[in-house]
Amino acid sequence: MKVKVNNSYSELFEMKTVVRQGDPLSALLFSVVLDSVVTNLEVQGNITTRLKQICTYADDIVIIGRTKQILIDTFCKLKYEALNAGLIVNNNKTKYLFCTRKTIHPTYINTGEEQFEQVNSFNL
């Protein structure tokens, strides 16, 4: 394994131990990797000046998009960047919320590979 620091890679070294879930270091390492994934999505500014916005808290990610297509495209890029970093998106826990004043019937959103359920609210 190599580590990249200041655009330079370290010497090759062997990993002999792993960080287990629940270890205090695992949360820090996860946050560092997730920050790198979100940074690669190139989302800057705020929702008033952009078509999309990303909010993260612990292992939860919220994608805010002005259109369904922006939402789908951003999710697909998030999934790609996450896989490149060794993370997997849990499709069973992925939902979407459509905010409108109109009455709408629940539907699914299709990314081409996955289909996500629409919900009326998110439970915390």
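Predicted model: local features only at pLDDT ≥ 70, side-chain atom pairs only at ≥ 80, totals over all residues.
Residues are numbered from 1 along each chain as its sequence is written.

**Nonpolar core**

A nonpolar core is taken here as a set of buried Ala, Val, Leu, Ile, Met, Phe, Trp, Tyr and Cys residues joined through side-chain atoms within 4.5 Å. Buried means under 20% relative accessible area, exposed over 50%, and partly exposed in between, with a 1.4 Å probe and protein chains only. The largest such core has 16 residues, of which Val37, Leu41, Ile54, Ile63, Leu71, Leu78 and Ile109 touch the most other members. Two or more residues come from each of α1 (24-40) and α2 (68-84), and α2 gives the most, with 5 residues. Helices (H or I, at least four residues) and strands (E, at least two) are DSSP runs numbered from the N terminus.

Val37 is found in helix α1 and, at 1% relative accessibility, counts as buried. With contact defined as heavy atoms within 4.5 Å, and not counting residues up to four places away in sequence, Val37 touches Leu78, Glu81, Ala82, Ala85 and Leu87. Under the same exclusion of residues up to four places away, Ile54 touches Val38, Leu41, Val43, Ile61, Val62, Ile63 and Thr74.

**Helix α2**

The expected span of a helix is 1.5 Å times one less than its number of residues. For the 17 residues of α2 this should give 24 Å, and the end C-alpha atoms are 24 Å apart, which agrees. Ile70, Leu71, Ile72, Thr74, Phe75, Leu78, Glu81 and Ala82 are buried in α2. These buried residues pack against α1, β3 (52-57), β4 (60-65), β5 (95-97), β6 (108-110) and β7 (115-119). Gly86, whose phi is positive, near 90 degrees, follows α2.

**The open sheet**

An open sheet is formed by 3 strands in the order β5-β7-β6, with mixed pairing. Because β5 and β6 stand at the edges, each with a single partner strand, one side of each is left without a neighbour in the sheet. Neighbouring strands are turned by 35 degrees against each other on average, direction ignored. Axes are lines fitted to C-alpha atoms, for helices over the stretch in contact, and angles run from 0 to 180 degrees between N-to-C directions. Helix α2 packs on the sheet, touching β5, β6 and β7, and its direction makes about 60 degrees with that of β6.

Two strands pair if DSSP finds at least two bridges between them. The pairings are listed below.

| Strands | Bridges | Direction |
|---|---|---|
| β6 and β7 | 3 bridges | antiparallel |
| β5 and β7 | 3 bridges | parallel |

Ile109 stands opposite Phe116 in β7, and Asn110 stands opposite Gln115 in β7. Tyr96 likewise stands opposite a residue of β7, Gln118. The strands β6 and β7 form a hairpin with 4 residues between them, and Gly112 in the turn has a positive phi of about 105 degrees.

**Cysteines**

A disulfide is a pair of cysteine sulfur atoms within 2.5 Å, and by this rule the count comes to 0 disulfides. Cys76 is in no disulfide, and the nearest cysteine sulfur, that of Cys55, is 19 Å away. Cys55 counts as partly exposed at 35% relative accessibility, and Cys76 counts as partly exposed at 33%.

Terms used. Heavy atoms only, no water.
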